[in-house]
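Open the model in your viewer and keep the selection tool at hand.

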Amino acid sequence: LGADLVNVVGDVVVSAATIAYSGPFTPVYRAALVAEWGGFLREAGVPASANASLLHTLQDPVKVRSWTIAGLPTDTLSVENGIIVFKARRWPLMIDPQAQANKWIKNMERESGLDVIKLSDRDFLRTLENGVRFGRA
């Protein structure tokens with residue numbers, strides 16, 4: 001715990017940079033970015049863990065388990081993407097050719113009354129207005 005407390009600044013810098021900048025990249029390129037950021041931290045004398053990463057710093061195993069139950073794949077990239085979705089301040093753009101993210105979001109928001117609409121729906125505008133007015137997803 002003492003070592004983690006010393007390294008918290010560098011670990012959080014790596015995690016914040018991963019959330020802010022590495023979303024659209026492949027796992028290999030993400031790993032290269034994290035390694036490069038770790039090198040910059042060592043040069044600047046900022047203490048950081050040797051295995052500083054988004055998963056090491058921000059992963060909550062209970063939350064990840066609930067995500068996998070809701071349909072999120074269990075690979076490292078998908079878990080990182082889930083963390084980015086929940087920790088980012090901006091709305092994520094999900095390019096989803098296999099409809100995995102679509103299924104996951106629908107399952108995660110089922111209890112909160114998610115309204116699924118299409119542009120071609122007759123009551124699209126009314127549903128959208130009510131969602132904004134009443135704060136519904």
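A residue is called buried when its relative accessible area is under 20%, exposed when it is over 50%, and partly exposed in between, using a 1.4 Å probe and protein chains only. This is a predicted model, in which local features need pLDDT of at least 70, side-chain atom pairs count only at pLDDT 80 or more, and totals for chains, interfaces and linings use all residues. Residues are numbered from 1 along each chain as its sequence is written, and side-chain values use heavy atoms, with hydrogens and water left out.

**Stop one: Glu80**

Select Glu80, in helix α5 (residues 76–87). Helices here are DSSP runs of H or I with at least four residues, numbered from the N terminus. Glu80 has a relative accessible area of 14%, so it counts as buried. Now show what surrounds Glu80: not counting residues up to four places away in sequence, it touches Arg30, Leu54 and Leu55. Contact means heavy atoms within 4.5 Å. The side chains of Glu80 and Arg30 are also joined by a polar contact of 2.8 Å. A polar contact is a pair of N or O atoms within 3.5 Å; within protein, one must be able to donate a hydrogen and the other to accept it, and residues adjacent in sequence count only if both atoms are side-chain atoms.

**Stop two: Thr127**

Move to helix α7 (residues 124–134) and select Thr127. Is Thr127 buried or exposed? Thr127 is buried, with a relative accessible area of 17%. A polar atom of its side chain lies 2.8 Å from the backbone oxygen of Asp123. Leaving aside neighbours within four places in sequence, Thr127 is in contact with Asp115 and Ile117. Draw a distance to Val116 as well: the two C-alpha atoms are 9.2 Å apart, for residues 11 places apart along the chain.

**Stop three: the pockets**

On a 1 Å grid over the protein atoms alone, a pocket is an open set of points where a 1.4 Å probe fits, with protein on both sides within 12 Å along at least five of seven lines; lining residues have an atom within 4 Å of a point. A volume is the space filled by probe spheres set on the points.

The largest pocket has a volume of about 850 Å³. Select Gly23, Asn81, Val85, Leu93 and Met94, the closest to its centre of the 28 lining residues. Helix α5 gives the largest share of this lining, 6 residues.

The second largest pocket has a volume of about 520 Å³. Among its 14 lining residues, Trp91, Pro92, Met94, Ile105 and Glu109 lie nearest the centre. Here the largest share, 4 residues, comes from α6.

Terms used
Helices (H or I, at least four residues) and strands (E, at least two) are DSSP runs, numbered from the N terminus.
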